[in-house]
Number of protein chains: 2
Amino acid sequence: MLKLTKKTEYALIALSHLSHAEGNNTINVREISDHNNIPFPVLSKVLQQLAQKDFVEPVKGARGGYHIKGDLSKQNLLQFLERMEGPIGLVDCITVHGCTHSDTCVIRSPLQIINDTIISVFNEMSLADVIKHHHFAPDQIPEGISGG
Amino acid sequence: MLKLTKKTEYALIALSHLSHAEGNNTINVREISDHNNIPFPVLSKVLQQLAQKDFVEPVKGARGGYHIKGDLSKQNLLQFLERMEGPIGLVDCITVHGCTHSDTCVIRSPLQIINDTIISVFNEMSLADVIKHHHFAPDQIPEGISGG
DNA sequence: TGCAATAGGACTAAATAGGTCGTAATTTTA
DNA sequence: TAAAATTACGACCTATTTAGTCCTATTGCA
């Protein structure tokens, strides 16, 4: 249904929150969950996953928490989405291969093109672009944006 | 999770099948479901919905079925998807309005831009482009396609 | 030792997607 | 007119995914 999962949404919010910490200070899950109205245990798992995938670094024990790992402007949105949600495919046959409908399935090739286009959109955007509340200047707006 | 529903997939396959009928002849659901290995009752409902939304015209009774209504090259994919699946929004706050997280939610604006870009991709493609098994010539391939 | 924090498994609940069944209505054909 | 073929449509069931809860380690600081 062309929607990100809450997990991914929470992950972006958390990364954003962490990226605004003074000098990349450690911030704990409770603060992020309180500030953004996200259930603590859920956000907790999301951050564990972000840590497993090397987007953030955990600091255990009292006064622990998380901070951003690496340079978000060098990580692209596509890799992030694929690591959080798995491969992106509008229909199964794009990611799974093998059409269950017919040998001469007519929709696959065009959907593949649409899918590739979407992927390229994600590929051209860094994580930093997404989480840093970036406002595009008029001449920076990517082409073809309708505004709706 | 950035995937079309089966319903939409079936709808595209059905439109494709119908569009290949000689002289826009009527084709019944059974033929389409047999030919594409789609459960008959499911496809049946999909076509009823396509008829309600004016993409196809039903012909009742024996020897009845459906045929394409109007010119698919004049209908765009965006309208089709929105009519089949509802408004397209990567996260709820794009379609619903009103962020439940915080007043200063930092991810909405960039996600809005990504969303608009995706929408423009769908907007620039006609239904005919999708269902007619179109192969892009090398110089027609939309920019930025990675091929994965 | 006690508290504050992450780590992570097991479980439940809710939403969505996908599919089945039964029956009515309509139209052609014999 | 009866039978067969077909769409129309609602009620229901099931599987999967998504979202969230709970409990119990484990780690490290004070």
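A residue counts as buried under 20% relative accessible area, as exposed over 50%, and as partly exposed in between. The exercises below use a predicted model.

**Exercise 1. Classify Asp54(A) and Arg63(B) as buried, partly exposed or exposed.**

Solution. 
- Step 1: Locate Asp54(A). This residue lies in the loop between α3 (40-52) and β1 (56-59) of chain A.
- Step 2: Asp54(A) is not a glycine, yet has a positive phi of about 70°.
- Step 3: Apply the cut-offs. Asp54(A) has a relative accessible area of 41%, so this residue is partly exposed.
- Step 4: Turn to Arg63(B), in the loop between β1 and β2 of chain B. Phi is positive here too, near 65°, in a residue other than glycine.
- Step 5: Apply the cut-offs again. Relative accessibility of Arg63(B) is 84%, so Arg63(B) is exposed.

**Exercise 2. Describe helix α3 of chain B: its span, its buried residues and what covers them.**

Solution. 
- Step 1: Take the span. The helix covers residues 40-52, 13 residues in total. From first C-alpha to last it reaches 18 Å, close to the 18 Å expected at 1.5 Å a residue.
- Step 2: List the buried residues of α3(B). They are Leu43(B), Ser44(B), Val46(B), Leu47(B), Gln49(B), Leu50(B) and Ala51(B).
- Step 3: Find the cover. In chain B it includes helices α1 (6-19), α2 (29-36) and α4 (77-85), along with strands β1 (56-59) and β2 (65-68).
- Step 4: Look just past the helix. There Asp54(B) takes a positive phi of about 70°.

**Exercise 3. Characterise the interface of chain A and chain B by contacts, buried area and salt bridges.**

Solution. 
- Step 1: Count the residues. 56 residues of chain A contact 56 residues of chain B.
- Step 2: Take the area. The two chains bury about 5,200 Å² between them, and 64% of it is on carbon and sulfur atoms.
- Step 3: Find the main contributors on chain A. Leu2(A), Lys3(A) and His101(A) supply 15% of the area that chain A buries against chain B, more than any other three residues.
- Step 4: Count the polar links. Eight residue pairs are in polar contact, both residues at pLDDT 80 or more. The rule finds four salt bridges across the interface. Among the side-chain pairs, Asp92(B) and Lys6(A) meet in a salt bridge at 3.5 Å, N to O.
- Step 5: Assign the chain A side to helices. α1 (6-19), α2 (29-36), α4 (77-85), α6 (108-123) and α7 (127-131) each supply at least two residues. The largest share, 13 residues, comes from α6(A).
- Step 6: Sort that side by residue type. It divides into 28 nonpolar, 20 polar and eight charged residues.

Notes:
Residues numbered from 1 in each chain as written. Chains lettered and ligands numbered in written order. Heavy atoms only, no water. Helix = DSSP H or I, 4+ residues; strand = E, 2+ residues; numbered from the N terminus. Expected span 1.5 Å × (residues − 1). Buried < 20%, exposed > 50% of the residue type's maximum accessible area, 1.4 Å probe, protein only. Contact = heavy atoms within 4.5 Å. Buried area = accessible area lost by both parts, 1.4 Å probe. Polar contact = N/O pair within 3.5 Å; in protein donor to acceptor, adjacent residues only side chain to side chain. Nonpolar A, V, L, I, M, F, W, Y, C, P; charged D, E, K, R; others polar.
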